[in-house]
Amino acid sequence: MSDTARSREVLDGFRRQYNTPYSTADLTATVCALCGVEAPSECAGIPIPAVIDQADKLMDGTGKTEKVLLFCADALGQHQKNHYTEEFERIEKCAGLAFLSATVMPSVTPVCYGTIFSGAAPCVHGITKYEKPVLEVDTLFDAFARTGKNVAICAINECSIDKIFRNRKVDYYSFRSDEGSFDCAMDLLKNKDYDLIVCYMTNYDHTMHKTGTFSPECDIEARKAADRFTAFAKEMDNSWKQFNRALVFVPDHGGHNADERHGMHGTDLPEDMLVYHFYRICEAEK
Ligand SMILES: [Zn+2]
């Protein structure tokens with residue numbers, strides 16, 4: 001069996017288990033289809049038809065999206081959406097398109113983002129437990145770089161996203177805080193010519209491990225995630241208004257309470273395994 005067939009079997013298994021037509025691995029396939037870029041070689045995700053239809057309608061043809069920003073809010077899954085209704089309503093209203101997606105096991109950050117950005121199952125991309133080696137499999141970032149597109153990744157120092165996608169034709173910006181990553185992504189959007197920007201946010205995940213999933217400290221982080229997503233949308237409509245563009249909310253997994261004061265994830269509970277990916281597609285100003 002080929003690697004892609006093996007991946008497809010694993011991803012389909014999770015789709016069936018959690019009764020949703022979408023996998024988080026569809027992100028890479030969808031973004032590549034939007035931009036007319038050939039997907040990474042082991043990608044078994046499937047372009048989401050409703051996203052492609054929307055782009056087709058707005059841009060009179062597929063493959064015409066020119067600029068993409070991916071906001072990777074760690075651990076803000078469906079379980080969090082059900083609790084933080086006001087914050088997620090803001091995200092959904094801003095984006096327009098929402099897809100309940102199954103992630104992969106074990107539901108930990110490097111395994112999940114490995115799948116999201118390669119489109120391959122963990123057994124194929126090679127990270128099958130909590131560890132952060134540089135991924136050797138082909139990724140979204142390699143696919144973009146091959147067509148001459150400029151890619152930037154803004155993330156906290158030494159986190160999974162900062163480490164596992166190294167050694168590629170990508171500009172890496174790393175910081176000691178989420179504020180650093182957010183401010184940097186905003187600055188790149190306004191002042192540089194990147195085609196794909198990734199902005200990672202770690203602090204909801206970090207906080208929920210320490211305080212439980214819905215603590216007052218977590219409330220602040222959930223609000224920041226909604227604020228940042230909507231701020232990116234607004235700035236894209238300004239700085240990128242002459243481009244066909246896409247903004248996507250891309251969490252990796254959810255999380256649940258281990259006891260009264262600590263959150264966790266990594267299991268196959270629906271609270272860990274189900275996330276919404278939100279897409280906002282806009283056409284260039286004519
Ligand atoms: Zn995570």
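**Entry 1, overall form.** I began by noting that I am working from a predicted model. I counted 13 helices and 10 strands in the protein chain, and I found that its C-alpha trace spans about 55 × 45 × 35 Å along the principal axes. I then looked up the radius of gyration, which is 17 Å and agrees with the value near 19 Å that a compact globule of 286 residues would have. Buried residues make up 54% of the 286 residues, and of the contacts with a separation of 6 or more, 68% are between residues 24 or more positions apart.

**Entry 2, the sheet.** I traced an open sheet of eight strands with mixed pairing, in the order β1-β3-β10-β7-β2-β6-β4-β5. The edges are β1 (22–23) and β5 (171–175), and because each has a single partner strand, one side of each is left without a neighbour in the sheet.

I asked myself how many residues of β10 are buried. Nine of the nine are, so β10 is largely enclosed by the rest of the structure. Checking the faces separately, I found Leu 274, Tyr 276, Phe 278, Arg 280 and Cys 282 buried on one side, and Val 275, His 277, Tyr 279 and Ile 281 buried on the other. Six bridges join β10 to β3, running antiparallel, and one of the pairs I looked up is Phe 99 with His 277. Five bridges join β10 to β7, also antiparallel, with Val 248 partnered by Tyr 279. I also noted that helix α3 (residues 49–59) lies across β3 (97–102) and β10 (274–282), running at about 10° to β10.

Moving to β2 (residues 67–73), I found it joined to β7 (residues 245–249) by five bridges in a parallel arrangement, with Leu 69 opposite Leu 247. The largest nonpolar core has 97 residues, and Leu 69 is among those that touch the most other members, together with Phe 71, Cys 72, Ile 197, Cys 199 and Tyr 200. Leaving aside neighbours within four places in sequence, Leu 69 is in contact with Leu 189, Ile 197, Cys 199, Phe 232, Met 236 and Leu 247.

Conventions
Residues are numbered from 1 along each chain as its sequence is written. This is a predicted model: local features need pLDDT of at least 70, side-chain atom pairs count only at pLDDT 80 or more; totals for chains, interfaces and linings use all residues. Helices (H or I, at least four residues) and strands (E, at least two) are DSSP runs, numbered from the N terminus. The radius of gyration is taken over C-alpha atoms; the globule rule is 2.2 Å times the number of residues to the power 0.38. A residue is buried if 20 or more other C-beta atoms lie within 10 Å of its own, exposed if 12 or fewer, and partly exposed in between; C-beta atoms are placed from the backbone. Two residues are in contact if their C-beta atoms, placed from the backbone, lie within 7 Å. Two strands pair if DSSP finds at least two bridges between them. Axes are lines fitted to C-alpha atoms, for helices over the stretch in contact, and angles run from 0 to 180 degrees between N-to-C directions. A nonpolar core is a set of buried Ala, Val, Leu, Ile, Met, Phe, Trp, Tyr and Cys residues joined through C-beta atoms within 7 Å.
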